[in-house]
Amino acid sequence: MSDNDTARIEAALDQLLAEHDPSTEGYAEFRGHQFDAGLAWVHLPERRGGLGVTPQLQRVVNRRLAEAGAAPMDLAQFFMALAGPTIATHGDDAVCQRFLRPMFTGEEKWCQLFSEPGSGSDFAGLGTRAIKDGDEWIVNGQKVWNTLAHIADFGMLVTRSDPSAPKHKGMTYFALDMRAPGVEVRPLRQITGEAEFNEVYMTDVRIPDAHRIGAEGEGWRVALTTLMNERTAIGGSGSGGAPKRGSGPISFLLDTYAVGAEQRTAVERDRVVELWIRAEVLRLTNMRAAQLARSGNPGPEGSVGKAVGAILNQDIFEASVDLRGMDGQVGYDFTFRRPSSSDMTSGGIGYAFLRARANTIEGGTTEVMKNILGEQVLGLPGEPRSDKDIPWMDVPRS
Ligand SMILES: Cc1cc2nc3c(=O)[nH]c(=O)nc-3n(C[C@H](O)[C@H](O)[C@H](O)COP(=O)(O)OP(=O)(O)OC[C@H]3O[C@@H](n4cnc5c(N)ncnc54)[C@H](O)[C@@H]3O)c2cc1C
């Protein structure tokens with residue numbers, strides 16, 4: 001981190017805060033000025049919401065803006081952590097100009113349209129078809145498990161544009177207007193009672209070629225940027241800054257333990273302490289991973305935090321329910337709801353316990369994270385992949 005870069009960021013912050021008061025200005029309006037000042041994603045080039053400095057300096061920005069009264073990011077903007085870096089890395093100038101600013105201000109919300117009924121872990125096998133027609137593409141297919149698609153303005157859509165190419169080579173990535181004719185979003189109800197995710201059907205949907213992200217046939221490479229950022233966003237090693245010690249899911253367990261703490265047994269205390277240590281080790285590991293991220297886009301080590309955090313969350317909330325005894329098993333409200341954010345910790349322990357079951361599936365299953373860890377971090381031999389080099393259309397599928 002050079003002194004020059006730090007001084008530049010401090011100067012840009014001084015000017016932004018001298019001209020705009022985040023505690024009184026509207027959320028979207030202030031974030032628009034933050035973007036224009038290059039303080040949205042500091043590592044990106046100028047005019048793309050950054051100043052071309054090291055991503056570690058984003059923490060300086062976030063801390064100073066929070067101290068000045070800026071509202072925390074709206075949780076309905078979760079997918080910005082995935083779509084932002086993807087567009088900034090692979091989009092041309094026009095795509096960046098079109099999408100980055102309204103995404104950052106929250107005026108346009110995003111969702112992720114990757115998984116299909118037959119392609120989840122093997123996402124590169126997807127079949128949603130995109131056929132070029134002049135300056136447009138015609139898209140037909142179905143996506144599934146699409147979190148917050150019901151409130152999204154745009155979707156990160158990956159399609160099969162060349163079925164005769166091997167599966168990783170014939171994919172193309174788009175920004176899909178969720179209100180375009182032919183897009184239908186249907187709720188999928190979860191174990192929590194709510195429908196936070198959806199099925200998305202596309203029937204003869206027209207997408208302008210100007211909304212293509214990355215080159216034709218390069219969708220897999222573009223999608224990898226999304227997936228790597230998704231894992232660090234879920235696992236907690238993103239550039240947003242480390243959570244405080246004892247915050248997040250573990251705080252629920254500590255609060256539950258504190259109720260009637262004098263009657264707690266040594267076994268219960270032991271379980272809580274073990275989980276606290278695991279949470280702290282993960283927090284410190286994530287901090288280290290975030291500090292090592294030089295380029296702005298994370299590497300496969302983000303998958304480690306994702307895998308470990310998912311299992312830890314499940315263990316923490318299971319212990320929290322157990323500590324409450326019989327009381328932990330009653331009083332949960334299964335009313336059908338359509339949430340506008342995906343926040344584990346907002347609905348009490350019963351909700352968090354049920355919602356955490358999805359943690360080892362969403363954003364890539366724990367088994368798949370372990371494969372990535374084995375192959376890409378530890379350098380172990382890869383799984384046999386017999387369909388890698390043959391045309392996608394010749395791969396047998398049910
Ligand atoms: C709450 C939630 C939110 C989600 N949100 C989104 C979203 O917004 N957008 C989106 O596109 N998708 C989303 N998903 C989908 C998610 O990415 C997939 O569910 C996930 O990738 C697994 O795919 P699958 O469900 O098809 O399971 P499968 O891939 O069929 O896996 C079934 C089982 O086989 C195991 N398995 C599969 N392949 C391997 C392998 N090579 N080695 C070892 N084990 C393997 C898996 O670990 C799993 O246990 C969400 C899922 C959940 C639960």
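1. A polar contact is taken here as a pair of N or O atoms within 3.5 Å. On that basis, in this predicted model, a polar side-chain atom of Thr365 lies 2.7 Å from an oxygen atom of the ligand, while an N or O atom in the side chain of Ser121 is 2.6 Å from a ligand oxygen atom. Gln112 takes part through its backbone, a polar atom of which is 2.9 Å from a nitrogen atom of the ligand.

2. The protein covers 69% of the 980 Å² of accessible area that the ligand has on its own. Of the 20 residues around the ligand, those that come nearest are Ser121, Trp145, Thr147, Thr365 and Glu367, and the shell is made up of seven nonpolar, nine polar and four charged residues.

3. A search of the whole structure finds 27 salt bridges. One of them joins Lys167 to Asp122, with the closest N and O atoms 2.7 Å apart; Lys167 sits in the loop between strands S4 and S5, and Asp122 in the loop between strands S1 and S2, 45 residues apart. Lys167 counts as buried at 7% relative accessibility, whereas Asp122, at 37%, counts as partly exposed.

4. Strand S2 deserves a separate look. Asp133 in strand S2 and Arg206 in strand S7 are 73 residues apart in sequence, so their pairing ties these parts together, with an N to O distance of 3.0 Å. Asp133 is partly exposed at 35% relative accessible area, and Arg206 is partly exposed at 41%.

5. A further point concerns a network of salt bridges, which links Glu10, Asp14 and Arg64.

Note on methods
Residues are numbered from 1 along each chain as its sequence is written. This is a predicted model: local features need pLDDT of at least 70, side-chain atom pairs count only at pLDDT 80 or more; totals for chains, interfaces and linings use all residues. Side-chain values use heavy atoms; hydrogens and water are left out. A residue is near a molecule or strand if one of its heavy atoms lies within 4 Å of it. A polar contact is a pair of N or O atoms within 3.5 Å; within protein, one must be able to donate a hydrogen and the other to accept it, and residues adjacent in sequence count only if both atoms are side-chain atoms. Accessible areas come from the Shrake-Rupley method with a 1.4 Å probe; for residues, only the protein chains shown count as cover. Ala, Val, Leu, Ile, Met, Phe, Trp, Tyr, Cys and Pro count as nonpolar, Asp, Glu, Lys and Arg as charged, and the others, Gly among them, as polar. A salt bridge is a side-chain nitrogen of Lys or Arg within 4 Å of a carboxyl oxygen of Asp or Glu. Helices (H or I, at least four residues) and strands (E, at least two) are DSSP runs, numbered from the N terminus. Buried means under 20% relative accessible area, exposed over 50%, partly exposed in between (1.4 Å probe, protein chains only).
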